[in-house]
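Let's take a walk through this structure together, one piece at a time. Keep the 3D view open beside you as you read.

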Amino acid sequence: MSKTSQDEWTLEIKPVSGWFHFHLKDVWRYRDLLMMFVRRDFVAVYKQTILGPFWFFLQPILTTITFTVVFGNIARISTDGIPPLLFYMSGIVSWGYFSDCLTRTSSTFITNANIFGKVYFPRLVSPLSNIISLLMKFGIQLFLFTCFLLYYWMNGSTNVHPNIYILLTPYLLILMAGLGLGFGIIVSSLTTKYRDFSFLVGFGVQLLMYATPVIYPLSALPEKYKWIVLANPMTAIIDTFRYAFLGAGTFNPGNLIYSSVFMIVTLSIGILMFNRVEKTFMDTV
Amino acid sequence: MGAAIKVDNISKLYRLGMVGNRTIVEDINRLIARIRGKENPYLKVGETNQRNTKGNSDYVWALKDINFEVEEGQRFGIIGKNGAGKSTLLKILSRVAGPTTGSVKLKGRVASLLEVGTGFHPELTGRDNVFLNGAILGMTQEEIKGKFDSIVDFSGVERYVDTPVKRYSSGMYVRLAFAVAAHLEPEILIVDEVLAVGDAEFQKKCLGKMHDVSEKEGRTVLFVSHNLQAIRNLCQKTVILNNGELFANGNTEQVLREYNELSRDITIKADTEINNSINRRGKGRVRFTGINLTDEKGNRRYKFETGEKIRVSITFEIFKEIEGLTFIFAVLSGLSRECLTLFEYALSNKKMMPGQKGEAIIEIPHLKIKPGEYPLYFELTDLKYNSYAKDVIDDLTAPLEITEGKNKAYSDDNKPSGYFKMESNIIQNEIYDTNQLTKV
């Protein structure tokens, strides 16, 4: 019955089979869509708000003040001699990017079920656009943090020593984006069938923050528990970030390599699962 | 020309009911079967997809062993009742959902218009949404930029192009969305029921565009619709899906005839298509228990000649108290579904009580409608047309088919079109109380 030879077909749709069937080339072909999504996120988020992008500033400032009061003034947790305001803000800004990436991408399939159900495009475009648009928020907050840093530095605060390791910031960002995306898409793949995981994300991220040196320096930890915190791949990233901008804490290349390997493994598992799920999720979500 | 789409033994299994904790058990069973090298145990238990009968299995075949080929440049129609599997088929073709078994081979870029306005963001302006929607459908920025003016022109919403689309009327929304999709230039265009919204003028424009796209540019168009007239005007080949199976496949005229056979088999009962909110709407206070079109001798027919006598006979039952009873019968236009002529009779002015049943027959002595096919509309309601009292049967029965009669006086093409009045009279109207009958 077939009048055309097999090789003329440009696309064959088959039942899901095999784990290693990627559309990474497709993702590249849809790069324009990626940028459109980023633009949409950015434009749409603050439409009909009075303060607009100002909210990007307000959020870390208020959190920093809260942390300074609660952990610094009331609980009196050490900040390694760094002005508490800078110490907490550095943690909040960098941790914020990771946790935003994770929570946003973890709901990919549920928030996009409507559009995914109607048109085909590589699903990975969606979470990728999330981490890119969050980058802009991070950029604004980093700018704010730098302003505070400069203020303290100019006023002769002797404990603040920004140094050459600041150049590592882009690499740290890649690590955070990779980890956030990796964990996020693993969770989002699982939530298509079992929604339980979406409940887990919210407080999971919260708990993870306490296992990361965001509100305390590594040096304040008792030796007994240090290994738990060091096993957390985010620890080295936050610590390096703080070391680069404030000159406090430690810079340990070994820990950073551990984080890098962890990121690659997580992201690979994430992409594998995501790929698998994107073909069947319509029937389960 | 060769085939552009080849659908090969496509089947799709769906699980009914809740996806919940039982799925973990099933996942494990499936995994065990796979480790032992056996077939997926749940593939065996699927049943055909008959919506209105209760099945034994939780799994149904939304599609079962579908085979067909679409030639390059062809306009191909897909029809079927609600739940026949049309949308599932389109979802597989547009790669939104995967098939359970079988394969589809495609030649060229596919763009689907499963539901218009997909990915439109309400906060963004029309302009931004054209770019966003174009990108979602697979166009590059450059392509959209080049076509932007003709997209806006086609949509006819030029004045609103810098207004957020949340302020658009639903018609404007559809116009813009269709305009983007129509300028996609894919080799294969999949269109699903877009014409349900939009006015008659725009519908005509869309059909014209789809025609042009295939005729002038040699693209393949796959068109799904309930609007048989649109299918007839547009498509060369058509398939009918029924309960997930391929019922007929061939030239449109021939297939449409078979489709009417299929709808003719529907006998309207109190529970026919009751959960289908499109063709049957109502809250259940009163229900049709039977609808028949007959000639003056009482033979059931759907084909009539111009100038013939038609009788519409209905039976009904009251389930909850309502104030009086009105029966409305309308003949609709096949393409635009506008009402061509309408008959209305108050069957009762008194309070109707549960258990009461009735029968009414309306006669139209001279059928003055041009030859063609006309969907029919039946409604029962109370005296004040309250929506809670309604039972509506909208294009669920076979359409009224009118052919050229010997008496040519009524088929004058120069007659003005639009709404018109036709003579009719009620020849029977009986209401009996089953409650009292049992008491006596």
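Strand β9 of chain B, residues 237-242, pairs with β10(B) through six bridges, and the two strands run antiparallel. To see one of the pairings for yourself, pick out Val239(B): its opposite number in β10(B) is Asn249(B). Do keep in mind along the way that this is a predicted model. In general, the strands of a sheet are held as partners by backbone hydrogen bonds, in either a parallel or an antiparallel arrangement.

Where does this pair of strands belong? Both are part of an open sheet of six strands in chain B, which reads β6-β7-β8-β4-β9-β10 from one side to the other, with mixed pairing. The strands at the edges are β6 (110-113) and β10 (245-251) of chain B, each of which has a pairing on one side only. Going from one strand to the next, the twist averages 15 degrees.

Helix α6 of chain B, residues 200-215, lies across β4 (75-80), β7 (188-192) and β8 (220-224) of chain B. Relative to β8(B), helix α6 of chain B runs at about 150 degrees.

Let's step back and take in chain B as a whole. Its secondary structure comes to nine helices and 22 strands. Of the 440 residues in chain B, 42% are buried. Sequence separation tells you something as well: among contacts in chain B between residues at least 6 apart in sequence, 72% join residues at least 24 apart.

How is chain B divided into domains? Domain 1 covers 3-9 + 64-262, and domain 2 covers 280-439. Taken over C-alpha atoms, the centres of these two domains of chain B are separated by 34 Å. Where the domains touch, seven residues come from domain 1 of chain B and six residues from domain 2 of chain B. On the domain 1 side, the elements that give two or more residues are α6 and α7 (228-234) of chain B. The largest share of that side is three residues, and they come from α7(B). By residue type, the domain 1 side of this contact divides into three nonpolar, four polar and no charged.

The next stop is the meeting of the two chains. There, 39 residues of chain B are in contact with 32 residues of chain A. On the side of chain B that touches chain A, β1 (3-15), α2 (86-93), β5 (101-106) and α3 (126-136) of chain B each supply at least two residues. Which of these elements gives the most? That is β5(B), with five residues.

Strand β1 of chain A, residues 11-13, and β5(B) are antiparallel and share three bridges. One spot to look for is Leu11(A), which has Leu106(B) as its bridge partner in β5(B).

To finish, here are two backbone details to zoom in on. Most residues other than glycine have a negative phi. Arg76(A) is not a glycine, yet its phi is positive, at about 55 degrees. Arg76(A) sits in the loop between α3 (54-74) and α4 (84-106) of chain A. Is Arg76(A) buried or exposed? Arg76(A) counts as exposed because 8 other C-beta atoms lie within 10 Å, and the cut-off for exposed is 12 or fewer.

Asp65(B), also not a glycine, has a positive phi of about 50 degrees. Its place is in strand β3 of chain B, residues 59-71. With 14 other C-beta atoms within 10 Å, Asp65(B) is partly exposed.

How values were computed:
Residues numbered from 1 in each chain as written. Chains lettered and ligands numbered in written order. Predicted model: local features only at pLDDT ≥ 70, side-chain atom pairs only at ≥ 80, totals over all residues. Pairing = 2+ DSSP bridges. Helix = DSSP H or I, 4+ residues; strand = E, 2+ residues; numbered from the N terminus. Axes fitted to C-alpha atoms, helices over the stretch in contact; angles between N-to-C directions. Contact = placed C-beta atoms within 7 Å. Buried ≥ 20, exposed ≤ 12 C-beta atoms within 10 Å, placed from the backbone. Domains from an automatic or database assignment. Nonpolar A, V, L, I, M, F, W, Y, C, P; charged D, E, K, R; others polar.
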